[in-house]
Amino acid sequence: MINIKNIKKSYGDITAVDDITIHVRKGQLFGLIGPDGAGKTSLFRMLTSLLIPDEGSAVIMGYDTVKDYRKVRNILGYMPERFSLYLDLSVEENLNFFATVFNTTIEENYNLIKDIYKVLEPFKDRRAGDLSGGMKQKLALCCALIHKPEVLLLDEPTTGVDPVSRKEFWEMLKRLQAKGFTTLVSTPFLDDAELCDEVALIQDGKILDMDSPQNIAKKYPHKLWSISASNNYKLLRAINNYEKKKSAFAFGNSVHLATDNEIEIEEIQNYLKSIIDYDFEIKPIEPNIEDAFMELMKEE
Amino acid sequence: MEKETVIEVKNLTKAYGAFKAVNDISFEVYKGEIFGFLGANGAGKTTAIKMLTGIITSTSGDGSVAGYNINKQRDKLKENIGYMSQKFSLYEDLTLMENVEFYGGIYGLSKKQIIDKATLMLDRLHMNHIKETLISDIPLGWKQKIAFSVAIIHDPKIVFLDEPTSGVDPITRRQFWDLIYQAVEDGITVFVTTHYMDEAEYCDRISMMVDGEIHAIGSLQYLLNKYDSKTMDEVFIKIARG
């Protein structure tokens with residue numbers, strides 16, 4: 001559905017997108033995962049034909065984003081990173097505007113947005129500028145869907161959104177996937193990655209790894225432990241001095257310690273008991289995608 | 001022993017017409033705490049922070065921050081707190097050092113104080129080599145660390161951090177929290193909002209706002225027990241979904 005081949009984009013000395021190749025298959029929910037400045041938005045702008053690549057190409061459903069840009073624009077539903085609806089138009093006026101631009105009507109494609117729009121409908125006369133963050137995201141998604149696109153490109157739809165609205169947003173994406181939409185979505189939240197079929201982890205314009213989130217976690221090269229105590233900051237400092245650690249990172253209420261595979265639990269327990277005088281709990285755990293991402297970043 | 005309070009708020013309310021953005025909230029923040037201020041979008045967090053930082057006055061209720069009344073001593077209050085968000089931070093077209101000088105000046109530090117502070121800060125951040133670099137040429141994660149250090153350049157009693165790590169990579173995000181812990185060791189109280197629930201778990205106490213009111217407040221352990229949850233993410237979803 002989406003074929004990105006060796007695409008590059010630089011701004012002066014800065015290479016924003018550095019030789020990226022991605023294939024998104026029909027019906028996939030594909031995640032571009034990386035922090036701000038990784039190149040996600042530049043990539044989206046090339047896919048939407050708003051920016052011309054320096055090298056390489058992007059082809060969506062057989063249409064080249066440079067040569068066939070008019071076609072491409074019609075088959076895409078795009079939700080840019082910044083909220084870009086008209087703040088002084090009402091909810092309904094915004095939706096109507098986007099429908100009209102694409103030569104359709106709200107009624108014609110209402111079934112596509114019904115699930116999402118029904119929570120907005122009570123506020124359809126409210127100005128878009130007066131909506132809460134979660135509501136704005138829902139409206140932006142409706143506007144991206146109203147012309148019945150084939151492919152959805154969503155640039156950081158959940159940034160600045162609270163955990164509940166974020167969860168709801170992903171539930172909506174899953175429902176759209178069930179309806180047959182192909183979606184490319186970017187996010188800086190690593191836990192969002194676990195909801196995608198396939199992800200590309202990107203940093204500084206390059207792909208660190210690309211696979212299913214399960215496989216990426218499986219490739220993690222070390223043994224991983226979760227350790228918790230009443231004061232995690234002190235605990236982390238103690239663990240940081242452990243000479244057999246590969247890495248140690250705080251994870252909310254616990255610390256994840258990576259070691260060589262031959263290290264046994266007793267060895268770590270003995271080390272910790274020798275330097276701290278409070279109780280702690282330790283257990284082996286499976287790595288998650290955030291562990292994997294940080295490991296890949298370290299290797300770079 | 002009575003704990004020293006840095007924020008004390010009683011029955012604080014902000015109404016816009018009939019709509020109460022903040023509805024009768026009361027709480028305290030103690031010296032040396034990391035206080036997590038959570039809530040759904042539109043719950044009233046931003047309005048509450050604006051009252052606590054002296055940007056707007058309350059409709060009713062009252063309080064003090066860093067020893068100053070939030071309605072009557074707003075100028076004094078602003079001089080004695082630090083504030084940082086992702087949106088409001090550094091001047092992109094000034095260098096790192098120029099930003100430090102500018103903010104140091106705003107907060108009334110002398111030339112010598114600014115130089116002493118800058119030296120300490122650049123050492124701690126390992127950023128001596130980029131002090132003449134334009135902020136626009138510095139990566140986001142680094143900028144956020146600089147912005148935080150600048151926000152506490154005048155040794156405020158308390159610093160307000162509004163989603164300070166939004167969009168930052170996972171390693172830099174953790175380094176940012178190291179800076180927060182260092183500031184706490186230097187005696188600064190931290191008031192922080194975040195959408196990362198692992199970060200909420202780093203806080204000493206957490207409050208949860210829903211529809212303008214504080215629905216829950218307490219330590220992580222207290223909230224996990226009370227809402228029969230394993231993670232703060234679960235607590236958040238249970239409270240926000242009612």
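Predicted model: local features only at pLDDT ≥ 70, side-chain atom pairs only at ≥ 80, totals over all residues.

User: Why is A:Asn6 called exposed?

Analyst: A:Asn6, which belongs to strand β1 (residues 2–11) of chain A, has 12 C-beta neighbours inside 10 Å. A residue is exposed if 12 or fewer such atoms are counted, so A:Asn6 qualifies as exposed.

User: What makes the phi of A:Asn6 worth a remark?

Analyst: The angle is positive, about 45°, and the residue is not a glycine. Most residues other than glycine have a negative phi.

User: Is B:Ala66 buried or exposed, and how do you know?

Analyst: The count for B:Ala66 is 20 other C-beta atoms within 10 Å. Since the cut-off for buried is 20 or more, B:Ala66 is buried. This residue is found in the loop between β4 (60–65) and β5 (68–69) of chain B, and its phi is also positive, near 55°.

User: Why is A:Tyr242 called partly exposed?

Analyst: A:Tyr242 has 16 C-beta neighbours inside 10 Å.

User: What makes up the side of chain B that touches chain A?

Analyst: On this side, 27 residues of chain B are in contact with 27 residues of chain A. The elements giving two or more residues to the chain B side are α6 (170–185), α7 (197–200) and α9 (232–240) of chain B. By type, the chain B residues divide into 15 nonpolar, 6 polar and 6 charged.

Note on methods: Residues numbered from 1 in each chain as written. Chains lettered and ligands numbered in written order. Contact = placed C-beta atoms within 7 Å. Helix = DSSP H or I, 4+ residues; strand = E, 2+ residues; numbered from the N terminus. Nonpolar A, V, L, I, M, F, W, Y, C, P; charged D, E, K, R; others polar.
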